[in-house]
Each structure stands twice: as structure tokens, then as C-alpha cells.
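Trainee: I have a structure open and want to learn how to read it. Where do we begin?

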Amino acid sequence: MKVTKILLVAMLSCMLFAGCKATDIGKEAGVAMEKATYRQVSMEEAMELMETEKNYIILDVRRQEEYDEKHITGAILVPNETIGTKDILELPDKDQMILVYCRSGNRSKQAAGKLVALGYTNIIEFGGINNWPGEVETSVK
């Protein structure tokens, strides 16, 4: 009888500790997900990345008419308003470096956060074209 009680207590203890461990693991996973974010850099740091890195995308998140008026050379357009819960055809590789900008830096921060939420892992936000010292081009004809 005593052996049965001891075994029962031992089994319940193991189950209790195992349950706590599973909860702790879940909490750790939740914390890791909360830490997923984008990196913010200065214009100078963004320019340096563009000079030294090879496989990256420059992403303009303004509206079409703003992009047409003036955009950073080589940038593609995906307006912030269109970034939501669906995959973005123009950005198929979620691990590729994506350098994000807008006019002043507000929409680029919003877009960077939304991209991270969609699972993009290498998002770098660098502000607005208003302060861009590098080359720009126009699509207006």
C-alpha cells in the first residue's frame, strides 16, 4: 500500500513538473516572437549598406505619384497602404535584406513593422527621401 502511494505521488509530481516546463517553453517562444523587429539605421548607414551589400531591395512605401515624382535610384514601389496580411509578390524572399524608406520616415516605420509581422526577417528602415543625399530618379515624363 505504501509503495502504491509513493508511486502515485511520484507520478503526479512528474506530471506537474512536466506541465510547468511546457508552459515555460511556451512563454519563451512568446517572448522570442515579441522581440522580432526591424533595424533602424541612418541615411549614411543605409548608403554604406547599398555600397557593400549585393542582394538587397530598396523599398519605397509612398504613393505612386510621390514615387513618380522622385525616388531613390533602383527602388521599387509597394505603397504602405497596400501592405497588410497577404504575401507581397514584389518581395518573394522573406530573408532578403529590404531597405525601407518613405518621404519623412513615418510610413517607413509603419511599413517596416507590418513587414516584420508578415514574417520578413531582414528589414532595415532608414527614414525619408527628404533627407536622402544620394542619387534619385524620376518616373514623370
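**Reading strands, a helix and rings**

Mentor: Begin with one pair of residues. L59 stands opposite V100 in β5. L59 also stands opposite I76 in β4. Keep in mind that this is a predicted model.

Trainee: How does β2 pair with β5, and over how many bridges?

Mentor: Strands pair when at least two bridges link them. β2 and β5 run parallel and share five bridges. β2 and β4 are also parallel, and two bridges join them. In that pairing, D60 stands opposite L77 of β4.

Trainee: What is the order of the strands in the open sheet?

Mentor: The sheet has five strands, paired in parallel, in the order β1-β6-β5-β2-β4. Now look at the edges. β1 (39-40) and β4 (76-77) each have a single partner strand, so one side of each has no neighbour in the sheet.

Trainee: Is β2 mostly covered or mostly open?

Mentor: Mostly covered. Four of the five residues in β2 are buried. Buried here means under 20% relative accessible area.

Trainee: Let me step back. How many helices and strands does the chain have?

Mentor: Four helices and seven strands. Read from the N terminus, they run α-β-α-β-α-β-β-β-α-β-β.

Trainee: Now a helix. How do I check the span of α4?

Mentor: Count residues, then compare. Helix α4 covers residues 106-117, which is twelve residues. At 1.5 Å a residue it should span 16 Å, and its end C-alpha atoms are 17 Å apart, so the two agree.

Trainee: Which residues of α4 are buried?

Mentor: First the general idea. An α-helix has 3.6 residues a turn, so residues three or four places apart point the same way. Now the case here. R107, S108, A111, A112, L115 and V116 are buried in α4.

Trainee: Which residue with a positive phi follows α4?

Mentor: G119 follows α4, with a phi near 105°.

Trainee: Next, rings. How many aromatic pairs does the structure hold?

Mentor: Two. To name a pair's geometry, check the angle between the planes: under 30 degrees is stacked, over 60 is edge-to-face, and the rest is tilted. The ring centres of Y101 and F126 are 5.6 Å apart with planes at 40°, so this pair is tilted. Y101 lies in strand β5 and F126 in strand β6, so the pair ties together parts 25 residues apart in sequence. Both Y101 and F126 are buried.

Trainee: What are the distance and angle between the rings of F126 and W132?

Mentor: Their centres are 5.6 Å apart and their planes are at 50°, so this pair is tilted. F126 and W132 are both buried. Y101, F126 and W132 form one aromatic cluster.

Trainee: And charges by rings. Where does K94 lie?

Mentor: K94 lies over the face of Y120, 5.3 Å from the ring centre.

Definitions and conventions
Residues are numbered from 1 along each chain as its sequence is written. This is a predicted model: local features need pLDDT of at least 70, side-chain atom pairs count only at pLDDT 80 or more; totals for chains, interfaces and linings use all residues. Side-chain values use heavy atoms; hydrogens and water are left out. The expected span of a helix is 1.5 Å times one less than its number of residues. Buried means under 20% relative accessible area, exposed over 50%, partly exposed in between (1.4 Å probe, protein chains only). Rings of Phe, Tyr and Trp (its six-membered ring) pair if their centres lie within 6.5 Å; planes under 30 degrees apart count as stacked, over 60 as edge-to-face and the rest as tilted. A charge sits over a ring if NZ of Lys or CZ of Arg is within 6 Å of the ring centre and within 35 degrees of the ring normal.
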